[in-house]
Amino acid sequence: MPQLPAPAYPDEVRARLAADAKEVIARYPDSRSALLPLLHLVQSEEGYVSRTGMRFCAEVLDLTTAEVTAVATFYTMYRRKPSGDYQVGVCTNTLCAVMGGDAIFEELKAYLGVGNNETTGDGQVTLEHIECNAACDYAPVVMVNWEFFDNQTPESAKKLVDDLRAGRSVEPTRGAPLCSYKETARILAGFPDERPGAVEASGGAGHASLLGLKLAKGEAIGQPRVVSPRGEAKQEAPQRGSGHLSSHDAPQPTSASDPAAAPEQHPAGPSSEEGE
């Protein structure tokens with residue numbers, strides 16, 4: 001059956017959101033470009049993007065609810081149903097998976113008694129598997145409300161969710177201090193993080209992320225520069241004994257199992273047509 005129009009926000013809530021929306025829209029030359037941050041804004045109000053939130057976005061941007069729904073359902077950072085205060089995402093993309101991400105995800109599902117994108121009975125934790133967090137050098141990675149928890153194990157991940165559910169202080173491996181999902185959504189909408197010291201704690205890239213850059217610049221101890229500075233002629237790579245960069249580049253003997261090998265190298269002898 002077709003759904004009836006979504007209910008409106010209470011007057012007080014709508015007035016507050018409208019003032020915030022006006023500030024967001026003013027950042028863009030075309031008002032519809034503000035849709036993504038406005039979806040984060042309504043998510044900060046309810047903890048997910050409800051039909052009421054989509055109706056609000058459509059009205060303030062002069063869009064149809066179908067246009068707003070198409071965007072809200074495309075991006076996975078927008079929740080479509082009520083969920084927990086802490087979104088625990090386990091990366092199960094290639095490197096994290098082989099380093100233990102799959103095992104962490106399976107352990108947490110069993111430990112919490114929930115499936116993918118489900119919430120614990122106390123309303124504290126929503127568990128989901130997520131795609132690459134661009135933190136492969138810290139694999140396996142778990143994120144809580146989009147803050148990094150690096151080099152995790154099944155045991156450390158279970159302790160993490162225990163601490164979250166018990167209300168104990170939890171510190172990300174790097175980045176800003178942890179806050180609630182609603183607070184995170186407001187920050188993603190483009191409003192400043194006003195917690196004392198939070199911005200300064202965000203920091204920059206970690207050591208593992210910068211190691212490749214240091215190698216390229218020749219700053220790693222005992223390593224030659226592998227990338228020439230801009231404006232300088234490209235340096236020739238050092239040659240090794242065989243004239244090849246590595247033994248993998250050198251011509252290798254034909255495999256004994258290759259029919260193209262000489263008959264005396266191929267244990268089965270030369271190939272022949274069927275029946276000969």
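Visitor: Among contacts between residues at least 6 apart in sequence, what share joins residues at least 24 apart?
Guide: The share is 59% in this protein chain. Keep in mind that this is a predicted model.

Visitor: How many helices and strands are there?
Guide: The protein chain has nine helices and five strands. Along the sequence they run α-α-α-α-β-α-β-β-β-β-α-α-α-α.

Visitor: And how much of the chain is buried?
Guide: Buried residues are 35% of the 276 residues.

Visitor: Where is the kink in helix 5 centred?
Guide: On Gly 100. The kink is about 70 degrees, and the helix covers residues 94-112.

Visitor: Which residues of helix 5 are buried?
Guide: Among them are Cys 96, Ala 97, Gly 100, Ile 104 and Leu 108. Their cover includes strand 1, strand 3, strand 4 and helix 6.

Visitor: What follows helix 5?
Guide: Gly 113 does, with a positive phi near 70 degrees.

Visitor: New topic. How many aromatic pairs are there?
Guide: The count is three. One of them is Tyr 9 with Phe 56, edge-to-face, 6.0 Å centre to centre. Tyr 9 sits before helix 1 and Phe 56 in helix 3, 47 residues apart.

Visitor: Are those two buried or exposed?
Guide: Tyr 9 and Phe 56 are both buried.

Visitor: Which residues form a cluster through ring pairs?
Guide: Phe 74, Tyr 75 and Tyr 78. Tyr 75 is partly exposed, at 40% relative accessible area. Tyr 78 is buried, at 6%.

Visitor: What lies over the face of Phe 191?
Guide: Arg 27 does, at 5.4 Å from the ring centre. Arg 186 lies over that face too, at 4.1 Å.

Conventions:
Residues are numbered from 1 along each chain as its sequence is written. This is a predicted model: local features need pLDDT of at least 70, side-chain atom pairs count only at pLDDT 80 or more; totals for chains, interfaces and linings use all residues. Side-chain values use heavy atoms; hydrogens and water are left out. The bend at a residue is the angle between axes fitted to the seven residues ending there and the seven starting there. Helices (H or I, at least four residues) and strands (E, at least two) are DSSP runs, numbered from the N terminus. Buried means under 20% relative accessible area, exposed over 50%, partly exposed in between (1.4 Å probe, protein chains only). Contact means heavy atoms within 4.5 Å. Rings of Phe, Tyr and Trp (its six-membered ring) pair if their centres lie within 6.5 Å; planes under 30 degrees apart count as stacked, over 60 as edge-to-face and the rest as tilted. A charge sits over a ring if NZ of Lys or CZ of Arg is within 6 Å of the ring centre and within 35 degrees of the ring normal.
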